[in-house]
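Hi everyone, thanks for coming. I'd like to walk you through one model today, so please have the viewer open.

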Amino acid sequence: MARAGAAQPLPGAPTAILGYDGAWPGPTLLATRGRPLQLTLRNQLDQPTNIHNHGHHVAADSDGHPLDVVKAGHSRIYTYPNNQSAGTYWYHDHTFGLTGEHVYRGLAGAYIIRDPAQAALGLPDGEHDVPLLLQDRLFDADNALSYSVGAGAIFTGALGNTMCVNGAHTPFMAVATREVREIVGAGRTASASREGQCGAPRCGTILTRTERVA
Ligand SMILES: [Cu+2]
């Protein structure tokens, strides 16, 4: 469900966002390679939206083409076959003319495909397998998200001055003394990030690292 919501990235006043399930970022979706996943998007915004699942091999009507949108008050079923490599992907709004602002305001989330063969690798899992979505944002004095793409930024996207991780500024997570797997994705809207791109918003590569936290 795409709807308006509130987040708390900074101390003080909450920040108005647009989010899948009203959250920024949206829910982390876990899929298994070879097992299709169906997703129903209910648009409770007052404007069109859709979902593009970045890097997915899907039928055209599930690809979230910028002109293939779900109007306000309508819904749509997206089907993801997951017949592709295991990995960390991300899904985001892809509406023509609105993608940059929609993603900026929160319409994005992580999508992870696991391969049953991974079990043999003995990688950290469960609470020790942590997807991190990095996004830069600009906040005003009231903690509201500032979004402006003037003449200069129309080609580059909106740049922020505050880095957020999973929708939080300076997040803190206590971990056990053991291996922790961090999956880092750059869900940024500005082309100033150099991770790569897929039209607008510019989409980041996904880095996976496993480190021992002592
Ligand atoms: Cu993308």
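I'll go through a sheet, a core and a few backbone details. Keep in mind that this is a predicted model.

Let's begin with the sheet. It is open, has four strands in the order S3-S8-S7-S5, and its pairing is mixed. The edges are held by S3, residues 29-32, and S5, residues 52-54; each has a single partner strand, so one side of each lacks a neighbour in the sheet. On average, and ignoring direction, neighbouring strands here are turned by 25° against each other. If you zoom in on S5, you'll find three bridges to S7, residues 87-92, and the two run antiparallel. His-52 sits opposite His-92 of S7 there.

Now, which residues of the largest nonpolar core touch the most other members? Out of 24 residues, they are Ala-2, Leu-18, Trp-90, Tyr-91, Leu-107, Ala-108 and Tyr-111. S8 gives the largest share of this core, with four residues. Take Tyr-111: beyond its neighbours within four places in sequence, this residue contacts Leu-29, Ala-31, Asn-53, Tyr-89, Trp-90 and Tyr-91.

On to the backbone, which I know some of you will want to check. Trp-24 and Pro-25 are joined by a cis peptide bond, with omega about -10°, and Pro-25 belongs to the loop between S2 and S3.

Two asparagines have positive phi. Asn-82, in the loop between S6 and S7, has phi near 60°. Is Asn-82 buried or exposed? There are 23 other C-beta atoms within 10 Å, so Asn-82 is buried. Asn-143 has phi of about 70° and lies in the loop between S9 and S10. With 17 C-beta neighbours inside 10 Å, Asn-143 counts as partly exposed.

How values were computed
Residues are numbered from 1 along each chain as its sequence is written. This is a predicted model: local features need pLDDT of at least 70, side-chain atom pairs count only at pLDDT 80 or more; totals for chains, interfaces and linings use all residues. Two strands pair if DSSP finds at least two bridges between them. Axes are lines fitted to C-alpha atoms, for helices over the stretch in contact, and angles run from 0 to 180 degrees between N-to-C directions. A nonpolar core is a set of buried Ala, Val, Leu, Ile, Met, Phe, Trp, Tyr and Cys residues joined through C-beta atoms within 7 Å. A residue is buried if 20 or more other C-beta atoms lie within 10 Å of its own, exposed if 12 or fewer, and partly exposed in between; C-beta atoms are placed from the backbone. Two residues are in contact if their C-beta atoms, placed from the backbone, lie within 7 Å.
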